[in-house]
Amino acid sequence: MRVYFDNAATTPLCEEAIEAMTKLMRDHPGNPSSIHADGRKVRSAIEQARKTIANLIGASIGEIFFTSGGTEANNMALNCSVRDLNVTRIITSPIEHHCILHCTDKLEEQGVEIVMVNLDKKGHFDLDHLELLLSDKNKKTLVSLMHANNEIGTLSDMSRISQLCEMYAAYYHSDTVQTVGHFPIDVSKTKISFLSGGAHKFHGPKGVGFVYINGDNMVKPMIHGGGQERNMRAGTENIYGIAGMAKALELACEEMEQRHQHIAGIREYLKNALTENFEDIQFNGDADGEHLYHVLSVSFPPSPKSDMLLLNLDIHGISCSGGSACSSGAEAGSHVQTALGTDPKRKNIRFSFSHTNTKEEVDYLMEKLATIIPVRVKVV
Ligand SMILES: Cc1ncc(COP(=O)(O)O)c(C=O)c1O
């Protein structure tokens, strides 16, 4: 038996996305830039996908640009705002995904001021501190704060951050890779300059995503060549990925409430089982509050048994993660845990779920955990 509890790293493809993609692969040979009928058919599939995604997040069609995934979307938002919108200061946080942090490192080398917002122990951004930073209006600023942290699951208050950015005339970018398709996002209600999505986090294909760029922001091409993506990103489009992504997002939004209920039930079931059966278990992030319902980040007490936990779970047929996807499998420390000042001797494991998981799988995990860490009985 294999149990897949690593859905924050990536989700299995949904059947509907596979069908949408294989139909295009089989029946439509055209290049979307060709003007003949075969080309036009594929062009129309791309534009239909753009319309679907735009509608689902309250955007205009012209505000959605397809990318190779969340990483590219985030890089594009940061780089374009510095290059084209005169941004000279970026306010971000030390718990962002590496695709933000490594990008801001590069921008810092180019002279952009990078400022970190304060955090609390649960990974919430200190919005008073953000306001204080924003009140220095001398520099054109981009605020880049993730909607939800991929390792510990803490959610940020997008609408409050949006209000603050508007008050202080700052651009606002949010890495929404973990929340698109999981939480309602409506850019017509929450004003935001840029946001990002990656199809593989909501049961779409890997290697495709999108960036939303608010139509008020006049940004220039990122990749030069043919005029694809309205000149922003040249190169023949990943038509299969785009079609699969739109289908998967459509389904994720349609079934959002049911999936949410189901997944939250599984997460709670595991959380209770761990609390009841193991001593000194802690949960990272705001586990009972503003939190991703598909992520449970568990902190196990230090012990020789828990040191090799990730590997042992894998051997027993359970896929989960030690931190984010990039470090999954590796036993390296996490920049998120370091920033939050958690005890480095404890062992952090991220279990992340999808609507395809079951409570029986949680029972299986608990059974295997008991053989790996035999510290079960609580002394009352
Ligand atoms: C919060 C967050 N941002 C960005 C990314 C990168 O997305 P992609 O893998 O689509 O490039 C991930 C993926 O793990 C993520 O969780």
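## The seven-stranded sheet

Seven strands make up an open sheet with mixed pairing, in the order S2-S8-S7-S6-S5-S3-S4. Strands here are DSSP runs of E with at least two residues, helices are runs of H or I with at least four, and both are numbered from the N terminus. Two strands pair if DSSP finds at least two bridges between them. Strand S2 (64–67) and strand S4 (113–116) stand at the edges, and each has a single partner strand, so one side of each lacks a neighbour in the sheet. From one strand to the next, the twist averages 20°.

This is a predicted model: local features need pLDDT of at least 70, side-chain atom pairs count only at pLDDT 80 or more, and totals for chains, interfaces and linings use all residues. Residues are numbered from 1 along each chain as its sequence is written.

## Inside that sheet

Strand S3 (residues 89–92) and strand S5 (residues 141–144) run parallel, joined by three bridges. Arginine 89 has threonine 141 in S5 as its bridge partner.

Helix H4 (residues 98–109) lies across S3, S4 and S5. H4 runs at about 155° to S3. Such angles run from 0 to 180 degrees between N-to-C directions, with axes fitted to C-alpha atoms, for helices over the stretch in contact.

## The three-stranded sheet

Another open sheet has three strands in the order S9-S10-S12, with antiparallel pairing. Strand S9 (282–283) and strand S12 (347–352) are at the edges with a single partner strand each, so one side of each is left without a neighbour in the sheet. Two bridges link S9 and S10. Phenylalanine 283 has valine 298 in S10 as its bridge partner. Helix H8 (residues 256–277) lies across S9, S10 and S12, at about 15° to S10.

## Two domains

The protein chain is assigned domain 1 (3–11 + 255–372) and domain 2 (15–254). These bounds come from an automatic or database domain assignment. The domain centres, taken over C-alpha atoms, are 27 Å apart. The contact takes 23 residues from domain 1 and 28 residues from domain 2. Residues are in contact if their C-beta atoms, placed from the backbone, lie within 7 Å.

On the side of domain 1 that touches domain 2, strand S10 (295–300) and helix H11 (335–340) give two or more residues. H11 gives the most, with four residues.

## Around the ligand

Of the 15 residues around the ligand, Gly69, Gly70, Thr71, Asn150 and Gly198 come nearest. A residue is near if its C-beta atom, placed from the backbone, lies within 6 Å. Helix H3 (residues 70–84) supplies the largest share of this shell, three residues.

Methods
Two residues are in contact if their C-beta atoms, placed from the backbone, lie within 7 Å.
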